[in-house]
Amino acid sequence: MRYSYLHIEKYIADKITSLCEKRDISKYRLSQLSGISQSSLGRIMAQENLPSLITLEKICTALGVTLSQFFQEDNLENLTEKQKEVLGIWKNLSTNEQETVMSMLRGLRK
């Protein structure tokens, strides 16, 4: 994926918002977890500032993703319809819900 400089701020803000929502993490909690001030996060989210690589890495760590995962496009072309359905459901689960599902799946393997 190629990003133009004008679109990267929007992509980053949207991706952080999406990951926060999926993980049920407030912007205040993200600030605590990442060690980045609320005002700095606010400027990033308002697309006023482009975060440095170090800042973005701290945000990614707090959200439980790598930098690579943060910028990775969803490549669903090689998946079956059932696999796509599972991924669609998974993406909309909170972190706690994902942990519950993983526990259930591990139980099924035994």
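Visitor: Why is Ile44 called buried?

Guide: In this predicted model, Ile44 has a relative accessibility of 4%, and since buried means under 20% relative accessible area, Ile44 counts as buried. Ile44 is part of helix α3, which covers residues 38-45.

Visitor: What is Ile44 in contact with, leaving aside its neighbours within four places in sequence?

Guide: With those neighbours set aside, Ile44 is in contact with Ile12, Ala13, Ile16, Asn49, Pro51, Thr55 and Ile59, where contact means heavy atoms within 4.5 Å. As for Ile12, it is 32 residues away from Ile44 in sequence, while the C-alpha atoms of the two are 7.9 Å apart in space.

Visitor: How many helices and strands does the protein chain have?

Guide: The protein chain has seven helices and zero strands, which gives the pattern α-α-α-α-α-α-α when it is read along the sequence. Of its 110 residues, 24% are buried, and among the contacts with a separation of 6 or more, 57% are between residues 24 or more positions apart.

Visitor: What makes α2 and α4 roughly perpendicular to each other?

Guide: Helix α2 (residues 27-34) and helix α4 (residues 53-63) pack at an angle of about 110°, and their axes are 9 Å apart. Angles of 65 to 115 degrees count as roughly perpendicular, and therefore α2 and α4 are described in that way.

Visitor: Which residues meet where α2 packs against α4?

Guide: From α2 come Leu30, Leu33 and Ser34, and they meet Lys58, Ile59, Ala62 and Leu63 of α4. Sorted by kind, the residues of this contact are five nonpolar, one polar and one charged.

Visitor: How many aromatic pairs are there, by the rule used here?

Guide: The count comes to three aromatic pairs. One of them is formed by Tyr11 and Phe70, whose ring centres are 6.1 Å apart and whose planes stand at 85°; the centres therefore lie within the 6.5 Å that a pair requires, and the angle is over the 60 degrees that edge-to-face requires.

Visitor: Why can the pair of Tyr11 and Phe70 be said to tie together parts that are apart in sequence?

Guide: Tyr11 lies in helix α1 (residues 5-23) and Phe70 lies in helix α5 (residues 67-71), so the pair joins parts that are 59 residues apart in sequence. Both Tyr11 and Phe70 are buried.

Visitor: What makes the pair of Phe70 and Phe71 edge-to-face?

Guide: The ring centres of Phe70 and Phe71 are 5.0 Å apart and their planes are at 75°, so the pair is edge-to-face, given that planes over 60 degrees apart count as such. Tyr11, Phe70 and Phe71 form one aromatic cluster.

Visitor: Why is Phe70 called buried, and why is Phe71 called partly exposed?

Guide: Phe70 has a relative accessible area of 0%, so it is buried, the limit being under 20%. Phe71 has a relative accessible area of 26%, and because partly exposed covers the range between the buried limit of 20% and the exposed limit of 50%, Phe71 is called partly exposed.

Visitor: How do you know that Cys20 and Cys60 are buried?

Guide: Cys20 has a relative accessible area of 2% and Cys60 has a relative accessibility of 1%, so each value falls under the 20% limit for buried. The structure holds zero disulfides, a disulfide being a pair of cysteine sulfur atoms within 2.5 Å.

Visitor: Why is Asp24 called exposed?

Guide: Asp24 has a relative accessible area of 66%, and because exposed means over 50%, Asp24 is called exposed. Asp24 is found in the loop between α1 and α2, and its phi is near 55°, a positive value in a residue other than glycine. Most residues other than glycine have a negative phi.

How values were computed
Residues are numbered from 1 along each chain as its sequence is written. This is a predicted model: local features need pLDDT of at least 70, side-chain atom pairs count only at pLDDT 80 or more; totals for chains, interfaces and linings use all residues. Side-chain values use heavy atoms; hydrogens and water are left out. Buried means under 20% relative accessible area, exposed over 50%, partly exposed in between (1.4 Å probe, protein chains only). Rings of Phe, Tyr and Trp (its six-membered ring) pair if their centres lie within 6.5 Å; planes under 30 degrees apart count as stacked, over 60 as edge-to-face and the rest as tilted. Helices (H or I, at least four residues) and strands (E, at least two) are DSSP runs, numbered from the N terminus. Axes are lines fitted to C-alpha atoms, for helices over the stretch in contact, and angles run from 0 to 180 degrees between N-to-C directions. Angles under 35 degrees count as roughly parallel, over 145 as roughly antiparallel, 65 to 115 as roughly perpendicular and the rest as oblique. Ala, Val, Leu, Ile, Met, Phe, Trp, Tyr, Cys and Pro count as nonpolar, Asp, Glu, Lys and Arg as charged, and the others, Gly among them, as polar.
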